[in-house]
Amino acid sequence: MNGNMIDNLGIDPFYIIVVQFAITLILLVVVIAGIIQMRRLYRRYDIFMRGKDAETLEDLIIGQMDELTDLRAQDRANKDSIRVANKNSRASFQKYGVVKYNAFKGMGGNLSFALALLDYTNSGFIINSVHSREGCYLYLKEVDRGETEVILGNEEKEALEQALGYVERIQ
């Protein structure tokens, strides 16, 4: 009965055996290539996992994620601190001008001075200290955006111009 089935197909059994042999050879090559790739992968895995001392890869990844979360929180805090520092630096006095002068001729020395202190928006004040034999007198004049409501003396104008950057400071 077996012979009849093969005879009914009209194919020589030799060709069937040759085709099966070729398929077996191809499958053998594929299996050998798979084994070689699996060994390479195992070596890479072994090198990757070496030295972990029972620490799993999952624990390592979770640790990295926790560190990343901490770093993001630190980054947010640093950005907030920088914003506060920038805001504070704009509100602080950044520009100044100083002019020393002799208020009364014959007193000896430039003991009087005009000091202008301005912030980022050119607002602040001018202090004028007038030194005489009877004492020292201080005058304070407000500056708003580089302008004052009162008339300034020559030394006060020069100190304000130094603070605004119009005139170079003389040492």
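## Helices and the predicted model

Helices, marked H or I and at least four residues long, are DSSP runs that are numbered from the N terminus. In this predicted model, Val18 has its place in helix H2.

## A nonpolar surface patch

Val18 belongs to a nonpolar patch on the surface, together with Leu9, Ile11, Phe14 and Tyr15. The accessible area of these residues together is about 540 Å². Helix H2, residues 13–49, supplies the largest share of the patch, namely three residues.

The relative accessible area of Val18 is 40%, so this residue is partly exposed. Phe14 is exposed, at 54%, and Tyr15 also counts as exposed, with 52% relative accessibility.

## Aromatic pairs and a charge over a ring

A pair of aromatic rings is described by the distance of the centres and the angle of the planes. Two aromatic pairs are present in the structure. Phe14 and Tyr15 form an edge-to-face pair, with 6.0 Å from centre to centre and 65° between the planes.

Phe93 and Phe125 also pair edge-to-face, at 5.2 Å centre to centre and with 85° between the planes. This pair links distant parts of the chain, 32 residues apart: Phe93 lies in the loop between helix H3 (57–91) and E1, and Phe125 in strand E3. Phe93 counts as partly exposed, at 45% relative accessibility.

Elsewhere, the charged end of Arg90 sits over the ring of Tyr120, at 4.2 Å from the centre of that ring.

## Helix H4 and the strands

Helix H4 spans residues 154–164, and its buried residues include Glu156, Ala159, Leu160 and Ala163. The buried residues of H4 pack against strands E1 (95–101), E2 (112–118), E3 (124–131) and E4 (136–143). After H4 comes Gly165, which has a positive phi, near 90°.

Note on methods:
Residues are numbered from 1 along each chain as its sequence is written. This is a predicted model: local features need pLDDT of at least 70, side-chain atom pairs count only at pLDDT 80 or more; totals for chains, interfaces and linings use all residues. Side-chain values use heavy atoms; hydrogens and water are left out. Buried means under 20% relative accessible area, exposed over 50%, partly exposed in between (1.4 Å probe, protein chains only). Helices (H or I, at least four residues) and strands (E, at least two) are DSSP runs, numbered from the N terminus. Contact means heavy atoms within 4.5 Å. Patches are made of residues with over 30% relative accessible area and no salt bridge: like charges are joined within 9 Å, nonpolar side chains (Val, Leu, Ile, Met, Phe, Trp, Tyr) within 5 Å. Accessible areas come from the Shrake-Rupley method with a 1.4 Å probe; for residues, only the protein chains shown count as cover. A salt bridge is a side-chain nitrogen of Lys or Arg within 4 Å of a carboxyl oxygen of Asp or Glu. Rings of Phe, Tyr and Trp (its six-membered ring) pair if their centres lie within 6.5 Å; planes under 30 degrees apart count as stacked, over 60 as edge-to-face and the rest as tilted. A charge sits over a ring if NZ of Lys or CZ of Arg is within 6 Å of the ring centre and within 35 degrees of the ring normal.
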